[in-house]
Amino acid sequence: MTYAPRERPLSPHTTIWRWHVTMVTSIMHRATGCALYGGGLLLALWALCLAAGPEAYGTFKAILGSFPGKIVMFGLTLSAFFHLAKGVQHLIWDVGRGYKVQTASMGAMVCIAFAVAATLVVWIIAAMTGAL
Amino acid sequence: MSDFRTALSRARGLGAAKHGVGHWISERVSAAALIPLLLWGVFAALQLARLDHAGAVAWLQSSLVNPTLLVLLVVTSYLHMSAGLRVVIEDYIENNLNRAALLLLNLFACVLFGALAVFSILKVALGGAV
């Protein structure tokens, strides 16, 4: 007796889910992680330019200090703080806590709020200390 | 009976490999280490943004703390980056050849740029930069 090949079952795709905050922050966690990969490469480029000398370093700083450069840095700051906060929530989940729906949703909101607040604070400090 | 596996399944070598969680744990350990390191990194970036090349060199050479933490930040970040993107590639790339190629690219890029960054920092910290 032969069996007709059967399609493997698929888990429900994103289209059937109602959007909720833990889902959004989960996607954002991965997206910001990928963005921070670029940030890590930028960190290496900074070190390379520093070792290469004043001319290369000046070019690097000029590019980062330009308007598009500042937008990238602002996005990286936001990504870093969000990924940090969401990472802490993941570590809390990893020890088996915080799984109640309300707690998890509240934690996700806190991650977003922390990322926005910390980013604004850092950029205000940067503006006040002349780092911009 | 202490072993619930059949003789056949043992002979086939199926079942847990006993080292599956190593990658998962290393991702969490690097995450925990990055919490203080990243906060210091933001603090350092705020200082460095105001400095020119000579100032940044002086910042690196002024004490053992700055180059040490900076190297730790780079190494831990690159460990975490390679672990994180590895999972992303494994999740989304179905084709075996593409997946293997991207996993290798991820690993090699992290090792290469991580090493370049560390050696650049050490070169400046140890007085090699002009």
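Colleague: At what angle do the axes of α1(A) and helix α4 (residues 101-128) of chain A cross, and what makes α1(A) oblique to α4(A)?

Modeller: The two axes, which are lines fitted to C-alpha atoms over the stretch in contact, with angles from 0 to 180 degrees between N-to-C directions, come within 8 Å and cross at roughly 45 degrees. Angles under 35 degrees count as roughly parallel, over 145 as roughly antiparallel, 65 to 115 as roughly perpendicular and the rest as oblique, so α1(A) is oblique to α4(A). The crossing is left-handed, the near helix being turned anticlockwise from the far one by less than a right angle.

The model is predicted, and local features need pLDDT of at least 70, side-chain atom pairs count only at pLDDT 80 or more, while totals for chains, interfaces and linings use all residues. Residues are numbered from 1 along each chain as its sequence is written, and chains are lettered from A and ligands numbered from 1 in the order in which they are written.

Colleague: Which residues make the contact of α1(A) with α4(A)?

Modeller: Val21(A), Thr22(A) and Thr25(A) of α1(A) meet Ala104(A), Ser105(A), Ala108(A), Met109(A), Cys111(A) and Ile112(A) of α4(A), contact being C-beta atoms, placed from the backbone, within 7 Å. By class there are 6 nonpolar, 3 polar and no charged residues (Ala, Val, Leu, Ile, Met, Phe, Trp, Tyr, Cys and Pro are nonpolar, Asp, Glu, Lys and Arg charged, the others, Gly among them, polar).

Colleague: What makes α1(A) oblique to α4(B)?

Modeller: The axes of α1(A) and α4(B) come within 10 Å and cross at roughly 140 degrees, and that angle makes α1(A) oblique to α4(B). This crossing is left-handed. Among the residues that make the contact are Gly33(A), Tyr37(A) and Gly40(A) of α1(A) and Ser77(B), Met81(B) and Gly84(B) of α4(B), and the residues of this contact divide into 8 nonpolar, 4 polar and 1 charged.

Colleague: How do you know that the span of α5(B) agrees with its number of residues?

Modeller: Helices are DSSP runs of H or I with at least four residues, numbered from the N terminus, and the expected span is 1.5 Å times one less than the number of residues. The 30 residues of α5(B), 96-125, should therefore span 44 Å, and the end C-alpha atoms are 43 Å apart, which agrees.

Colleague: Why is Ser9(B) called exposed, and which residues of α5(B) are buried?

Modeller: A residue is buried if 20 or more other C-beta atoms lie within 10 Å of its own, exposed if 12 or fewer, and partly exposed in between; Ser9(B) has 11 such neighbours, so it counts as exposed. Ser9(B) belongs to helix α1 (residues 7-12) of chain B. Buried residues of α5(B) include Cys110(B), Phe113(B), Gly114(B) and Ala117(B), and those buried in this helix pack against α1 (21-52) of chain A together with α3 (53-61) and α4 (65-92) of chain B. Ser9(B) and Cys110(B) lie 38 Å apart, C-alpha to C-alpha, and 101 residues apart in sequence.

Colleague: How many residues of each chain take part where chain B touches chain A?

Modeller: Chain B gives 27 residues and chain A gives 28 residues. On the side of chain B, α2 (22-48), α3, α4 and α5 each give two or more, and that side divides into 20 nonpolar, 4 polar and 3 charged residues.

How values were computed:
Two residues are in contact if their C-beta atoms, placed from the backbone, lie within 7 Å.
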